[in-house]
Amino acid sequence: QVHVEESGGGLVQAGGSLTLSCAVVGRPVSTYAMGWFRRAPGKEREFVAAINWSGGSTLYADPVKGRFTVYKNHAENTVHLHMNSLNPEDTAVYYCAADFDEVRSWSPRTSYEYHLWGQGTQVTVSS
């Protein structure tokens with residue numbers, strides 16, 4: 001059965017780094033675009049980053065631009081979100097989501113365009 005496996009969260013000090021990983025088990029990584037979202041305590045879920053089907057296009061939310069990098073490892077069939085220079089405002093549950101529809105226009109910020117979601121992984125940044 002196709003499902004999403006997400007991992008890599010944890011506790012890190014401000015200024016540190018973490019890498020989150022996500023894979024759609026049962027589907028090659030080239031067959032989906034992937035978005036990353038996060039929900040901080042008491043806040044709405046927000047878009048963080050996304051990568052398209054080929055891995056050639058990426059998009060970042062302004063708060064993470066220059067600090068986070070999303071990329072595909074085709075050999076591992078996995079998408080990674082590498083997060084640098086973390087600060088306490090990055091504390092949230094992070095979710096990856098897969099979009100399988102390559103025909104329509106890519107809308108990476110639109111959460112309802114995604115077909116399958118990960119279970120979420122907690123990232124906590126201490127000051």
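**Aromatic pairs in a predicted model**

User: How many aromatic pairs does the count come to?

Analyst: This is a predicted model, in which local features need pLDDT of at least 70, side-chain atom pairs count only at pLDDT 80 or more, and totals for chains, interfaces and linings use all residues. Residues are numbered from 1 along each chain as its sequence is written, and side-chain values use heavy atoms, with hydrogens and water left out. Rings of Phe, Tyr and Trp (its six-membered ring) pair if their centres lie within 6.5 Å, with planes under 30 degrees apart counted as stacked, over 60 as edge-to-face and the rest as tilted. By this rule the number of aromatic pairs is 5.

User: How many residues apart in sequence are the parts that Tyr32 and Phe100 tie together?

Analyst: Tyr32 and Phe100 form an edge-to-face pair, at 6.2 Å centre to centre and with 85° between the planes. Strands are DSSP runs of E, at least two residues long, numbered from the N terminus. Tyr32 lies in the loop between β3 (18–25) and β4 (33–39) and Phe100 in the loop between β9 (92–99) and β10 (116–117), so the parts tied together are apart in sequence by 68 residues.

User: Is Tyr32 buried or exposed?

Analyst: Buried means under 20% relative accessible area and exposed over 50%, with partly exposed in between (1.4 Å probe, protein chains only). Because its relative accessible area is 0%, Tyr32 is buried.

User: Which residue has its charged end over the ring of Phe37?

Analyst: A charge sits over a ring if NZ of Lys or CZ of Arg is within 6 Å of the ring centre and within 35 degrees of the ring normal. At 5.9 Å from the centre of the Phe37 ring sits the charged end of Arg45.

Methods
Helix = DSSP H or I, 4+ residues; strand = E, 2+ residues; numbered from the N terminus.
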